[in-house]
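The following note sets out numbered comments on the model displayed below.

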Amino acid sequence: MATHMRFALDHGDTDVIMGKLEDAATYDALLEAGARGKLAIGSIHCGDAAAVFGRLMDSGVAVHRLAASIRLVQAQRLLRRLCEDCRAPKRPTRAELDYFGLDEAFLARVGLDFLAGESIVFFESAGCSYCDGSGYVQGAPGWSTRDRVPACETLVTTPAIADLLRQGAPLDAIRQAAWAEGTWTMRESALRWALLGVTSLTEVVRVT
Ligand SMILES: [Zn+2]
């Protein structure tokens, strides 16, 4: 795949989208495309957004290339949508509110300030004939916006993050800096969907 992409880069003027990146040659080819000013997008299996930097560094990519070529990394997991025919409100316990950190600062952080001061309600589904007893929307096989919503963590390579990369900072320092700059964690993004009643707290815990 890397060889094919190099050929395309040398003989064409197109942007690049690659499927699963799985070795140093494909990482290198994608970064090269970015360095040449192309829009280059690739997918890679990692636990979270910052872990992508770790994977590339472990494969021998120099940190200055990461800082210079990568504009953003988005990690994503899919949450099942609750069946609207059988979902029912469920008030979280005090312990759950504390465990998930669902205070006013959190609501402001995920853009749900309007819920501050309201009593927070989640939804769970028992299952019905419409959803085949599953409690969740039944969709066609594969990805669909009808039956799934994405919990996303979007890590932008801001000047501060780029500096940390160049300094060889640990991934946790990069995670903390991104969080301080407003990046939602996967869990925060998932909780947002649960607060909006689109998915359940059970699904949030299962997926994130
Ligand atoms: Zn149902």
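1. Two residues are taken to be in contact if their C-beta atoms, placed from the backbone, lie within 7 Å. Among contacts in the protein chain between residues at least 6 apart in sequence, 69% join residues at least 24 apart. The model is predicted: local features need pLDDT of at least 70, side-chain atom pairs count only at pLDDT 80 or more, and totals for chains, interfaces and linings use all residues. Residues are numbered from 1 along each chain as its sequence is written.

2. The protein chain has ten helices and six strands, helices (H or I, at least four residues) and strands (E, at least two) being DSSP runs numbered from the N terminus. Along the principal axes, its C-alpha atoms fill a box of roughly 55 × 40 × 25 Å. Of the 208 residues, 27% count as buried; a residue is buried if 20 or more other C-beta atoms lie within 10 Å of its own, exposed if 12 or fewer, and partly exposed in between, with C-beta atoms placed from the backbone.

3. The largest nonpolar core has 39 residues, of which Leu30, Phe53, Ala190 and Ala194 touch the most other members. Such a core is a set of buried Ala, Val, Leu, Ile, Met, Phe, Trp, Tyr and Cys residues joined through C-beta atoms within 7 Å. Elements that each supply at least two residues of this core include helix 2 (24-35), helix 3, strand 3 (72-80) and strand 6 (148-156). Helix 9 gives the most, with six residues.

4. Which residues of helix 3 are buried? They are Ala49, Ala50, Val52, Phe53 and Leu56. These residues cover an arc of only 150° around the axis, which puts them on the same side of helix 3; the arc is that of the directions from the helix axis to the C-beta atoms. The buried residues of helix 3 pack against helix 2, helix 4, strand 3, strand 6, helix 7 and helix 8. Leaving aside neighbours within four places in sequence, Phe53 is in contact with Leu66, Leu165, Leu171 and Ile174. Just after helix 3, Gly60 takes a positive phi of about 105°.

5. In helix 7 (residues 159-166), the buried residues are Ile161, Leu164 and Leu165. Seen down the axis of helix 7, they fall within an arc of 100°, so they line one face of the helix. Pro159 and Asp163, on the other side of helix 7, are exposed. The packing partners of the buried residues of helix 7 are helix 3 (49-58), helix 4 (63-69) and helix 8 (171-180).

6. The axes of helix 3 and helix 8 come within 9 Å and cross at roughly 145°. Axes are lines fitted to C-alpha atoms, for helices over the stretch in contact, and angles run from 0 to 180 degrees between N-to-C directions. In this contact, Ala50, Ala51, Phe53 and Gly54 of helix 3 meet Leu171, Ile174 and Arg175 of helix 8. The residues of the contact divide into five nonpolar, one polar and one charged, where Ala, Val, Leu, Ile, Met, Phe, Trp, Tyr, Cys and Pro count as nonpolar, Asp, Glu, Lys and Arg as charged, and the others, Gly among them, as polar.

7. Ala180 also lies in helix 8. With 9 C-beta neighbours inside 10 Å, Ala180 counts as exposed.
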